Amino acid sequence: MDQQTDEQIRMNTSAVAISVVGLISSLVTCFMNIILLKTYMKKKNDMALFYYRFTLDVILGALVAAFLLFVVMYSYFSSQLSEYQNFIFYLSLPASNVGACRSIVTLCVAIERMVAAYVPIFFHNYRQHCPTVVILILAVIFGLTEDVVLYGFCNFHLNIPKNCAAFGCAINSCFLYYWTTHKSTIFALTFIFSLLLCIKLFIINNIMKTGGVELSRVNRLALIDAGMVCIFDFLPSFIANQFSTTRFFSFQNIGPYGAVAKLIGCAIEAFLVYRTMRKGKGSSTVENSKTIGRNSKKKINEIRVN
């Protein structure tokens with residue numbers, strides 16, 4: 001009996017430690033993306049998908065922060081909050097929907113950048129025929145299909161285990177398989193299209209002897225996005241898909257490690273994106289100053305000649 005109680009405490013401590021890290025990352029993600037939206041949001045077609053993603057990250061950060069805060073509180077006050085344990089599911093399901101929506105936007109960014117790199121003329125001529133708002137609508141619809149699959153196809157009935165502190169152990173095996181499989185598939189596709197983009201950029205800068213060509217800001221952001229997806233999205237999803245039934249990687253043992261890893265990645269990505277955007281803004285300012293200086297010098301010379 002004592003051994004079982006100690007085991008329960010150990011599992012709760014693991015979930016708390018991971019959840020606290022995720023909570024901090026969620027708040028950083030939320031505030032950093034608000035700063036990005038307030039500082040850099042402009043009506044530029046090439047950045048529209050990124051602005052959608054910044055907005056989704058704000059929503060995702062807020063939802064996951066609320067979910068993880070409840071997980072921490074539940075771990076410390078499990079007896080008092082036992083009747084509210086279902087909040088673990090009700091708070092994490094919307095976050096999962098937003099995460100699925102975000103994954104589609106990220107995939108579309110990777111596809112868009114890859115097409116622009118390989119067939120730039122085609123991209124320039126036909127990109128405007130696919131409005132970015134349509135991509136956002138399709139992404140939202142995809143996110144909501146999780147609920148349809150959960151209740152319509154997997155016949156889900158809410159019955160959370162007492163030591164469960166994650167979305168993965170609150171759902172049934174049917175939806176867990178769908179959930180981990182579709183995430184792994186989307187993340188793998190994002191990686192493939194991003195790898196193709198990297199290969200093309202490498203060829204342009206090295207094989208074709210056009211070294212010194214600087215990456216555009218959009219391509220930099222796409223590569224940052226892809227790197228974060230591979231490390232902080234694909235790997236946790238793969239682990240959950242393959243090893244969630246083992247004791248060490250079980251959601252009951254170490255809590256919502258998938259959500260926490262995702263938000264750590266989002267926080268790091270938000271910081272890198274902010275640095276990239278700030279650097280790009282600084283470069284544009286310097287270039288504009290140089291252009292103004294050259295124009296002024298040209299006018300002075302013309303006046304002297306006259």
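Analyst: Contact means heavy atoms within 4.5 Å. The model is predicted, so local features need pLDDT of at least 70 and side-chain atom pairs count only at pLDDT 80 or more, while totals for chains, interfaces and linings use all residues. Residues are numbered from 1 along each chain as its sequence is written, and side-chain values use heavy atoms, with hydrogens and water left out.

Leaving aside residues up to four places away in sequence, Phe-54 touches Asn-33, Leu-36, Leu-37 and Val-273.

Phe-54 and Val-273 are also among the residues that touch the most other members of the largest nonpolar core, which has 48 residues. Such a core is a set of buried Ala, Val, Leu, Ile, Met, Phe, Trp, Tyr and Cys residues joined through side-chain atoms within 4.5 Å, where buried means under 20% relative accessible area (1.4 Å probe, protein chains only). The largest share of this core, 14 residues, comes from α2.

α2 also packs against α5 at an angle of about 35 degrees, their axes being 9 Å apart; axes are lines fitted to C-alpha atoms over the stretch in contact, and angles run from 0 to 180 degrees between N-to-C directions. On the α2 side, the contact is made by Ala-48, Leu-49 and Tyr-52, and on the α5 side by Thr-132, Val-133, Ile-135 and Leu-136.

Note on methods:
Buried means under 20% relative accessible area, exposed over 50%, partly exposed in between (1.4 Å probe, protein chains only). Helices (H or I, at least four residues) and strands (E, at least two) are DSSP runs, numbered from the N terminus.
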